[in-house]
Amino acid sequence: MATQAACLRGAQQGLMSSSGQSVAIRAAQPAWRPKARLAACPTHRQSSVRVQAKFGGIQPSRAGPSPAIFERLMSALPYVLPFFNAFTYGRYLFYMYPAVKAVVRPILPAVASFHSLPFASMIAFFGIYIGIINNRNMSKFVRFNGMQALLLDIMLVIPRLLETVLTPPTSGWGLQVYINSQSFIWIFICAWVLFGVFNALTGTYGRIPFVGDAADAQIRG
């Protein structure tokens, strides 16, 4: 009996010591923290910023001093070319909405004078390309906006070619589609021209989706 009691007391003491060791081991283990998730958060934010830059948006002027007044004016000037060349696509919109025509009426003489000059669009195009984009004395901010404006103007080549190949409809639903497409082209170009001019004058990189990436590639090349 004494031997059995001694064995029972030894087993109880061993159990208590093992449970104490397990408690001590649990206490020594550090508390779990979601380090991986917290570390992934900055990467997620960075990737979202990269996606926004790729598909357009507004970015502050890059490293360096803010563009001077002259640089901002020179950056806004090339957007006049796609605006003047797209003006003819708004003729149906001006006819249907006299209020829109009243807004653009002050610049009608300038548009008419531009189109009355022979090869004015071609001269302006190569003037911007040679005098601004290929001019290394110009800042990258000015050259970027010049290239972006030229790419907007190049986009107008597609509807011009379609009008040359296809005969515009004169009646029915085809005429309605033609009128709506002409008005859409004018609104599309004018919206991005205003976007580019505003950001150029405020000294920020106004990146048109996809067009801004192509302009960056041309400037770097």
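## Surface and overall make-up

The accessible surface of the protein comes to about 14,500 Å², a value from the Shrake-Rupley method with a 1.4 Å probe, in which only the protein chains shown count as cover for residues, and 70% of this surface belongs to carbon and sulfur atoms. The structure is a predicted model, in which local features need pLDDT of at least 70 and side-chain atom pairs count only at pLDDT 80 or more, while totals for chains, interfaces and linings use all residues. Residues are numbered from 1 along each chain as its sequence is written, and side-chain values use heavy atoms, with hydrogens and water left out.

Twelve helices and two strands are found in the protein, taken as DSSP runs numbered from the N terminus (helices H or I, at least four residues; strands E, at least two). From the N terminus on, their order is α-α-β-α-α-α-α-α-α-α-α-α-β-α. Of the 221 residues, 31% are buried, where buried means under 20% relative accessible area, exposed over 50%, and partly exposed in between (1.4 Å probe, protein chains only). Among contacts (heavy atoms within 4.5 Å) between residues at least 6 apart in sequence, 80% join residues at least 24 apart.

A pocket is, on a 1 Å grid over the protein atoms alone, an open set of points where a 1.4 Å probe fits, with protein on both sides within 12 Å along at least five of seven lines, and its lining residues have an atom within 4 Å of a point. Grid points are joined across faces, edges and corners, and a volume is the space filled by probe spheres set on the points. The largest pocket has a volume of about 180 Å³, and its lining consists of P159, L162, E163, L166, T167, P168, P169, Y178, S181, Q182 and I185. Two or more of these residues come from each of α10 (157–165) and α11 (172–202), with α11 giving the largest share, four residues. By class, the lining has seven nonpolar, three polar and one charged residues, with Ala, Val, Leu, Ile, Met, Phe, Trp, Tyr, Cys and Pro counted as nonpolar, Asp, Glu, Lys and Arg as charged, and the others, Gly among them, as polar.

The second largest pocket holds about 150 Å³ of space and is lined by A76, Y79, V80, F83, F84, V193, L194 and V197. Helices α4 (80–85) and α11 each give two or more residues to this lining, which divides into eight nonpolar, no polar and no charged residues.

## Aromatic pairs and a cluster

Twelve aromatic pairs are found in a search of the whole structure, a pair being rings of Phe, Tyr and Trp (its six-membered ring) with centres within 6.5 Å, counted as stacked for planes under 30 degrees apart, edge-to-face over 60 and tilted for the rest. The rings of F87 and W186 have centres 6.3 Å apart and planes at 90°, so this pair is edge-to-face. The pair links distant parts of the chain, 99 residues apart, with F87 in the loop between α4 and α5 (91–96) and W186 in helix α11.

F87 is buried at 6% relative accessibility, and W186 is buried with a relative accessible area of 8%. Both residues belong to one aromatic cluster, formed by F83, F84, F87, F94, F114 and W186.

## The surroundings of Q148

Q148 lies in helix α9 (residues 140–155) and counts as buried, at 0% relative accessibility. Leaving aside residues up to four places away in sequence, Q148 touches Y79, G206, R207, I208, V211, G212 and A215. The C-alpha atoms of Q148 and V211 are separated by 6.4 Å, although the two residues are 63 residues apart along the chain.
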